[in-house]
Amino acid sequence: MLKSLVAFGLTAAALLATPLAQAQEFPTKPVRIITPFPAGAGPEAVLRILAEKLQKAWGKPVIVENRPGANGFIAIDAWKRAATDGHELIQLDNVHLSAYPHLFKKLPYDPVKDFDPLLPLFRAYFFVAVGADSKYKTVGDILAEAKAKPGALNYGSWSVGNPVHLGSALLESMTNTQMQHVIYKETSMLYTGVANGELNFALGTMATAGPLQRGGKLKFIGVTAPKRHAAFPDVPTVAESGGPAGYEVTGWTTIAAPKGLPRAVADKIQRDIEKALSEPDIKERYATFGYETFPATREQFNTFIQSESARYADVVKRAKASLD
């Protein structure tokens, strides 16, 4: 009996020690991070900086693999067919976890069962951009005309269901207005459309709309944040610019591991990423894109994702948006 108890104890201890040993040894081979963003895009650029940091910390190659297209489904499919031991990670946009589940009738993934979002990589707020010669001086000017002329004004984005589209739809919902959503194939075409007057306005970040703003083709009349942006202290919040109080739109990305990865391994990856994100050169690079770090524990982040999902569910319902 005593021998059996001892054997049981040793077996249990071995089982408990295995995940810890896996975490201490991780990674044992090259790590691949699949991203749905094309090469050169802001989220992809900061991911490559992070990969360099992790490669130095881990002593193993960390490879960023671009799989853009099809709403990120190409990247997700490639990742789902890869190893599930933590050596295959994926960068996800906020819409993949919080908006698409309400927008698409059927998804090629389960946002809850497939992914373990480890931490947010960054958060970016949007600016309400209008042409440099636009008659709109404030967000209130846009809303006043939208209320006087239902359906006459328009805004743009690059697809149905992205943060720019849904953020604009949220503005309609919160102000009881109706405007037209115009889709452009590329972000460069979108903001050129705002600059030349084809569009009344569009939401854009420093990375997407910033180049034309700096070139004098666009002007920012509001920021979709609870306070003014440090890089644009003269640009009021949407509420200060005559828009609704509490209006906030962000874009963010995360690194996700496979669901079911041993907690010790997932925690190690999370800690190492957090350490890399705290380094000054990454923060400096973030600033060039208008990104900011978004510290949160795993539990806090999952709660945040759930609240974002609930918010988008309401926006999608109000906008009557649906995709097959």
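Biologist: Why are Arg 298, Phe 301, Ile 305, Glu 308, Ser 309, Tyr 312, Val 315 and Val 316 of α12 called buried?

Modeller: Buried means under 20% relative accessible area, exposed over 50%, and partly exposed in between, with a 1.4 Å probe and protein chains only. Those α12 residues are under 20%, so they count as buried. They sit on the same side of α12, because they cover an arc of only 130° around the axis. That arc is taken from the directions from the helix axis to the C-beta atoms.

Biologist: What am I looking at, and how are residues numbered?

Modeller: This is a predicted model, where local features need pLDDT of at least 70, side-chain atom pairs count only at pLDDT 80 or more, and totals for chains, interfaces and linings use all residues. Numbering starts from 1 along each chain as its sequence is written, and side-chain values use heavy atoms, without hydrogens and water.

Biologist: Which exposed residues does the other face of α12 carry?

Modeller: Gln 306, Lys 317 and Arg 318 are exposed there, on the face turned away from the buried side. The cover over the buried residues includes α7 (163-175), β10 (250-258) and α10 (263-277). Contact here means heavy atoms within 4.5 Å.

Biologist: What makes α12 a helix, and what span does it reach?

Modeller: Helices are DSSP runs of H or I with at least four residues, strands are runs of E with at least two, and both are numbered from the N terminus. Helix α12 (residues 298-319) has 22 residues. The expected span is 1.5 Å times one less than the number of residues.

Biologist: Why is the crossover from β1 to β2 called right-handed?

Modeller: Point the strands away from you: a crossover is right-handed if the path from the first strand over the helix to the second runs clockwise. The chain goes from β1 through α2 (residues 42-58) to β2, and this β-α-β crossover is right-handed.

Biologist: Which residues of β1 are buried on each face?

Modeller: Val 31, Ile 33 and Thr 35 are buried on one side, Arg 32 and Ile 34 on the other. Side chains of a regular strand alternate between the two faces of the sheet.
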